[in-house]
Amino acid sequence: MLPSRFGHFDNAHPSGSSFVVTDLDTPMPWVNVICNGRYGLVISQNGGGFSWFDDAQHNVLTRWEMDLVRDCYGKFLYVADLDAPLDAPDVWSLAPAPCRRPYDESTCTHALGSSTFHTLRSGIRANWTLTVDPKDHVEVWCVELTNTTRKPRSLRLASYFEWTCGVAPDVKREFHRLFFDVSFDESANRRAIVSTKNMWDIRPKTEREHWNVPWPYVAAHSVAGAHFDRPLAVADKQTFLGKYGSTATPKAMTVRDIAGLRQAGFGRFGDASASLGGDLTIAAGATIRLHFVLTIASDKKACLAQIDKYSDEKIAWDTPRRASEFWKNLLSATTVKTERADFDLLNNHWLPYQALSGRMWGRTGYYQQSGAFGFRDQLQDSQVWLPLDPAGTHRQIMLHAERQFKDGSVYHWWHALADFGNHTACSDDYLWLPFLVGNYIRETGDDSILQKTAPFVDEPAAKATILDHCQRSIERSFNRTSARGLPFIGSCDWNDGLSAMGIDEKGESVWLGMFLCEILNNFATVMDRAGQKDAAARYRSKRAEYLKAINAHAWDGAWYKYGTKDSGEWIGSSQSPEGKIHLNAQTWSILADIAPADRAAAAWESVKKNLLSPYGPLLLFPAYTIPDPTIGYVTRYSPGSRENGGVYMHAATWALAAACKRRDVESVARIWKSVSPPTRGQNADSYFAEPYVTPGNVDGPLSDKPGRAGWTWYTGSAAWLNRVSLEWILGIRPVFTESGQAGLLIDPVPPVEFGTVDAVRTWRGRRIRVRFDSRAFDPSSPARVSCNGREIPGGILTETDLNSVSPQEQLDVQVYWSGGSKAGGSDSAEAKPTGFAKSKGAGTRS
């Protein structure tokens, strides 16, 4: 399915939930990020990668180097043919790295919760699956070796990796290796290497703590399930590799006599590594199975208890199944079936998996080993929970509220484990809290979250309600507004690269004003529901003021300007030497109902003319070619890279939503095809990146490789593309009606190639099945919606509709357009939705 010359999606059930790399020489590393919420690993099709617990930067178990050209650092499994001549040793790895020896057969299958390498070389067929248990802090490697020849084979099998046990990157290795203490435990039938470290290079809270705090964990690596004729256990890098040795040809895999390697390099004086295995014989045609374990705990007893539990072959070998079932069950609340395979497999599997495993839980990828929580980042990512389990969004809201200061400002990012953050003057971070709270209430109808309490960073003893936290965020924006009514950009807005426009607190952001208007529109309804009518009226009045200021000062004739520098000079203007038009100011003028009808039409036409490209909507055009210190570091990127005139996928999803809101179905189809990784990835030599997850960015027209994708996995675009797919293309989205009631609007804008659509979306604990034929879509006609045979006015399901059937019964929704077999429903004033929904109350000129 959806093949390229490097691989294809599987056709098994559930279709598309794994990707088979058939040519391992991919243009860039193609990886899987597997995390259960605490323990995680990253593995590339080369075998590169690392493991961590809780924080992928400050609590890393295994050593890795970010070198995407060589991709040569990771956790390895070696095989040596002991019958090979001494002068021509035959050593290979069960993944391409690090030996890089040719295979007779080779594939790597990345699936939800596991990755599997299949290789055949020298008559030895190998299957190596890496997975993480859904609950335990345990990584399991299931290994199966088959002798396909007609004679017994004598082999040596060994694992190998280097310990980090702390902060990454571990570049000062000659310093850090002095603090390890590595021991071997073979009691109670164990074969386990146990590692501790006497120093944790975490940011100290006092001078006394500098290099004077122990790593508060114990890690262990074990092997079980096979009998080795001559076992091997090595805990020192030089002992395993040899003096001036290489991971491609380690000495321990080629020496004939390994008696000296039975227990070698343990203690406090080596360069801490871990290698377990030994020599074994496989009869002709026979298969052996064994497994390796990597785990971490707060003390040695708990760590070894995990080792002992997973020494049981049944428990260990059942881990891949448990991981697969965990992800299948978690994502099953929403299912999509259309005639576009890429849309289905992304929204059924890969987008929510990427958003949860890689972005919310792992908070890492191959392009950024972060571990941090971004205030705006993981809040937006938590939207992925809304159609799956809204309690996940609730948890994230509560977590982020605790990282707010009394003045409404927040940490731009923070490390929970290391307990420090970056408190900046970024102007949009804190607004994502009310944005998400409003979305959560729209989804759930649960206003009680407003009365939950959370402390402030600078006054932990003073707990305030979530409503208070949200209001402080909004008031902070009010207080940081220019005399003419546009918000100050501060040290940046959503575009971090605009890092110098507002250092003197004079530069303005038009996009920020639009975003604030959307929040005020939504939160005014939240205030109404909370019985605070005066606050609701004030928010609506302030929204009108910002809307008037934007239309009075930011319209440039064919599009909206983006903002001003401290000097007052505009950017994103037709008069700007570079960066003349910015995407977000146009899309949000539509999404937030800022633009009057004629300006919305003109702005959208400018987007289509200047920003839509074959590889996605550009964030700005033309790219900056000359660094401008009064704008920020975005101008210092190479032209066409990331925010500088490339496709920034996060913002591209907003363009897709705007196309839907415009009911411009041709642009919806065009944008979808241009940003869909499976579609773009079919031409993998020009796309470069993994075809199963979204990239953070795609190179723009001034790049030497236009259309090249990068920064995959660790990007907010996954959750947003999932939301826009479900809520805008399929049109199944929570809204507030004008009376403040929370409902579920059904208003699809499907391209014709989506064909027959059958989607199931869980809402308020009930399954809503929505069906329609995309070929019948008429952009000039409002959707006609029926539920269980009854017409739904305005196409909005409410609690009344849910209560009209038994709690166990699925609601069956059908959608028609003009010419359909059902009569049209009324579009009453009560039914008109507000907030990031249908066009309502478009902006007026000043």
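**Backbone geometry and a buried side chain**

Tutor: Proline 169 is located in the loop that runs between strand 13 (153-166) and helix 1 (173-176). In this predicted model, the peptide bond leading from alanine 168 to proline 169 is cis, and its omega is near 0 degrees. A cis bond is also found from phenylalanine 621 to proline 622, where omega is near -15 degrees. Proline 622 belongs to the loop between strand 32 (620-621) and strand 33 (647-648).

Phenylalanine 688 has phi near 75 degrees, a positive value in a residue other than glycine. This phenylalanine 688 sits in the loop between helix 18 (684-687) and strand 34 (697-698), and because its relative accessible area is 15%, phenylalanine 688 is classed as buried. Tryptophan 711 likewise is a residue other than glycine with a positive phi, near 55 degrees. The loop that holds tryptophan 711 lies between strand 35 (709-710) and helix 19 (717-729). With a relative accessible area of 24%, tryptophan 711 is partly exposed.

Finally, let us turn to a helical residue. Asparagine 439 is part of helix 9 (residues 432-444). Its relative accessibility is 4%, so asparagine 439 counts as buried. Leaving aside residues up to four places away in sequence, asparagine 439 touches Gln383, Leu386, Asn522 and Arg723. With glutamine 383, the side chain of asparagine 439 makes a side-chain polar contact of 3.2 Å.

Terms used
Residues are numbered from 1 along each chain as its sequence is written. This is a predicted model: local features need pLDDT of at least 70, side-chain atom pairs count only at pLDDT 80 or more; totals for chains, interfaces and linings use all residues. Side-chain values use heavy atoms; hydrogens and water are left out. Helices (H or I, at least four residues) and strands (E, at least two) are DSSP runs, numbered from the N terminus. Buried means under 20% relative accessible area, exposed over 50%, partly exposed in between (1.4 Å probe, protein chains only). A polar contact is a pair of N or O atoms within 3.5 Å; within protein, one must be able to donate a hydrogen and the other to accept it, and residues adjacent in sequence count only if both atoms are side-chain atoms. Contact means heavy atoms within 4.5 Å.
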